[in-house]
Amino acid sequence: MRHSPVVPGAQPERTPMSFSGLRVLLVGPLPPPAGGMANQTRQLAELLRSEGASVELVRVNAPYRPAWAERLKGIRALFRLLPYLVQLWRGAGRADVAHVMANSGWSWHLFAALRCGLRACVAWQWW
């Protein structure tokens, strides 16, 4: 193996990073509503895909299905939570890395993204 000589003050050669073949699980909100974190999630997915990464998006603010479930106060969260957890669990099994967009400290959904030794990056928005 051949090594380059170390020259004080010289910048090391940088090899461009390749996202080709990287499977990313992106967890976060999407518009609507069109807010800061929702826009950042959408833009990050687009940028990662443009660099060759395979992006699976798990939306934390998905619409209620069926739509009438939104009117069931007290239990409507289950109509969003259960499909979300299934999607998150399955996506975590297929991904190399998870990027979790969180705005509440150690977000409650992070535990599922760490399944089976999955590496995770948390983008915590505190403003």
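Leaving aside its neighbours within four places in sequence, which residues is Leu25 in contact with? I started my notes there. I took contact to be heavy atoms within 4.5 Å, and got Glu56, Val58, Leu88, Gly91, Ala92, Ala95, Val97, Ala98 and His99.

**Ground rules.** I'm working on a predicted model, where local features need pLDDT of at least 70, side-chain atom pairs count only at pLDDT 80 or more, and totals for chains, interfaces and linings use all residues. Numbering runs from 1 along each chain as its sequence is written, and side-chain values use heavy atoms, with hydrogens and water left out.

**Confidence.** I checked pLDDT, the predictor's confidence in each residue from 0 to 100. The protein chain has a mean of 79, with 69% of its residues at 70 or more. Helix α3 (residues 110-113) has the lowest confidence, at a mean of 54, and β2 the highest, at 94.

**Layout.** I counted 3 helices and 4 strands in the protein chain. These are DSSP runs numbered from the N terminus (helices: H or I, at least four residues; strands: E, at least two). In sequence order I read β-α-β-α-β-α-β.

**Strand pairing.** I called two strands paired if DSSP finds at least two bridges between them. Strand β1 (residues 23-28) runs parallel to strand β2 (residues 54-59), with 6 bridges joining them. Between these two the chain passes through helix α1 (residues 36-50), and I noted this β-α-β crossover as right-handed. (Right-handed: with the strands pointing away from the viewer, the path from the first strand over the helix to the second runs clockwise.) Arg23 has Ser54 as its bridge partner in β2, and Gly28 stands opposite Arg59 in that strand. β1 is also parallel to β3, through 4 bridges; here Val24 stands opposite Val97.

**Burial.** My cut-offs for relative accessible area were under 20% for buried, over 50% for exposed and partly exposed in between (1.4 Å probe, protein chains only). Of the 127 residues in the protein chain, 28% are buried. In β1, 5 of the 6 residues are buried, so I wrote the strand down as mostly covered.

**Core.** I took a nonpolar core to be a set of buried Ala, Val, Leu, Ile, Met, Phe, Trp, Tyr and Cys residues joined through side-chain atoms within 4.5 Å. The largest one holds 10 residues: Leu25, Val27, Val58, Tyr84, Leu88, Ala92, Ala95, Ala98, Val100 and Ala102. β1, α2 (76-94) and β3 (97-102) each give it two or more residues. Apart from it I found another core of 8 residues, including Met37, Ala45, Leu48 and Val55.

Val97 sits in strand β3. I put Val97 down as partly exposed because its relative accessible area is 23%.

Asp96 is in the loop between α2 and β3. With a relative accessible area of 28%, Asp96 is partly exposed. C-alpha to C-alpha, Asp96 and Arg23 are 5.2 Å apart, at a sequence separation of 73 residues.

**Whole chain.** Among contacts with a separation of 6 or more, 57% join residues 24 or more positions apart. The chain exposes about 9,100 Å², of which carbon and sulfur atoms supply 60%; I used Shrake-Rupley areas with a 1.4 Å probe, and for residues only the protein chains shown count as cover.
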